[in-house]
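This briefing goes through one protein chain, from its overall make-up to single residues. Keep the sequence and the structure in view while reading.

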Amino acid sequence: MLVLDQCVIGLQWTYSLRFITKTVLIPLLIGYYLSSPVRVNKLFVGGLIMSFLGDVFLLFGWGFVAGLSCFLTAHILYILTFKPLLRYKNTAILPIILLFIFGLYIFLYENLGVMKIPVFLYAFTIGAMLYVALGTGQKWIMIGAILFVLSDSILAINLFHHRSDLRGDEYHANLCVGTVLFD
């Protein structure tokens, strides 16, 4: 399904097909996670559900604020999911995360218009999620969080600064995070 979704994007196939391929990815991941033999983390499932809703809202021109709100909530749930797994409080990485997050925010600032405060809150939250995820020391959680931040950064640049051929896709990040939670 992921390959089909990327083909729909790359080949610019019909929008209705994109609606199907984009909205089925996270439910497939949720189903896979719920059917796994590990103890289900309800906060993680809640984060996936909010990510799914965010994907759905972002498919509509009017849905950006609702989508951003869903993803903000998802990241808060991911922070709560990862916090019990926190093994390292690496304060050396914090300035790097802050520099990246706030550097990107400053880069986009003049184009944010009325979205300055919501985007700031989202950027701060996703930075916190990245810090907590990196502190778990678990490879797939760390990779997933990095991919999530990079994906959202690409999307923000595309939306608020200029279009590029780079595409962000939260599915990759959710898949990495989900992989470690199945172990």
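## Overview

The protein exposes about 9,800 Å², and carbon and sulfur atoms supply 72% of that area. The model is a predicted one. It contains eight helices and zero strands, giving the pattern α-α-α-α-α-α-α-α along the sequence.

**Burial and contacts overall**

- Of the 183 residues in the protein, 44% are buried.
- Taking contacts between residues at least 6 apart in sequence, 67% join residues at least 24 apart.

**The nonpolar core**

- In soluble globular proteins, nonpolar side chains tend to be buried together.
- Here the largest nonpolar core has 39 residues, and those with the most contacts inside it are Leu48, Tyr78, Phe82, Ile126, Met129 and Phe160.
- At least two residues of this core come from each of helix H2 (15-34), helix H3 (42-58), helix H4 (64-82), helix H5 (94-108), helix H6 (116-135) and H7.
- H6 supplies the largest share of this core, nine residues.
- Phe160, one of the core residues with the most contacts, touches Phe64, Leu108, Asn111, Leu112, Met115 and Val119, not counting residues up to four places away in sequence.

**Helix H6**

- The 20 residues of H6 should span 28 Å at 1.5 Å a residue, and the end C-alpha atoms are 29 Å apart, which agrees.
- Its buried residues are Val119, Tyr122, Ala123, Thr125, Ile126, Gly127, Met129, Leu130, Tyr131, Val132, Ala133 and Gly135.
- These buried residues of H6 pack against H4, H5 and H7.
- After H6 comes Gly137, which has a positive phi near 75°.

- Leaving aside neighbours within four places in sequence, Thr125 is in contact with Leu72, His75, Ile76 and Ile79.
- Thr125 and Ala74 are 51 residues apart in sequence, and their C-alpha atoms are 9.9 Å apart in space.

- H4 has 19 residues and reaches 26 Å from its first C-alpha to its last, close to the 27 Å expected at 1.5 Å a residue.
- The buried residues in H4 include Gly67, Leu68, Cys70, Phe71, Ala74 and His75.
- Also buried in H4 are Leu77, Tyr78, Ile79, Thr81 and Phe82; of these, Tyr78 and Phe82 are among the residues with the most contacts inside the core.
- Gly63 sits in the loop between H3 and H4.
- Gly63 is buried, as its relative accessible area is 0%.
- Not counting residues up to four places away in sequence, Gly63 touches Phe57 and Leu58.

**Leu25 in helix H2**

- Leu25 belongs to helix H2 and is buried, with a relative accessible area of 2%.
- Leu25 and Asp55 are 30 residues apart along the chain, and their C-alpha atoms are separated by 9.7 Å.

**Helix H7 and the surface patch**

- Which residues form a nonpolar patch on the surface? They are Phe100, Trp140, Ile143, Ile146, Leu147 and Leu150, with about 470 Å² of accessible area together.
- Helix H7 (residues 139-160) gives the most to this patch, with five residues.
- An α-helix has 3.6 residues a turn, so residues three or four places apart point the same way.
- Trp140, a patch member, is found in helix H7.
- Trp140 counts as partly exposed because its relative accessibility is 34%, and partly exposed residues fall between the 20% limit for buried and the 50% limit for exposed.
- Met142 also lies in helix H7 and counts as partly exposed, at 23% relative accessibility.
- With neighbours within four places in sequence left aside, Met142 is in contact with Ala133, Leu134, Thr136 and Gly137.
- The C-alpha atoms of Met142 and Val132, 10 residues apart along the chain, are separated by 9.0 Å.

Terms used
Residues are numbered from 1 along each chain as its sequence is written. This is a predicted model: local features need pLDDT of at least 70, side-chain atom pairs count only at pLDDT 80 or more; totals for chains, interfaces and linings use all residues. Side-chain values use heavy atoms; hydrogens and water are left out. Patches are made of residues with over 30% relative accessible area and no salt bridge: like charges are joined within 9 Å, nonpolar side chains (Val, Leu, Ile, Met, Phe, Trp, Tyr) within 5 Å. Accessible areas come from the Shrake-Rupley method with a 1.4 Å probe; for residues, only the protein chains shown count as cover. A salt bridge is a side-chain nitrogen of Lys or Arg within 4 Å of a carboxyl oxygen of Asp or Glu. Helices (H or I, at least four residues) and strands (E, at least two) are DSSP runs, numbered from the N terminus. Buried means under 20% relative accessible area, exposed over 50%, partly exposed in between (1.4 Å probe, protein chains only). Contact means heavy atoms within 4.5 Å. A nonpolar core is a set of buried Ala, Val, Leu, Ile, Met, Phe, Trp, Tyr and Cys residues joined through side-chain atoms within 4.5 Å. The expected span of a helix is 1.5 Å times one less than its number of residues.
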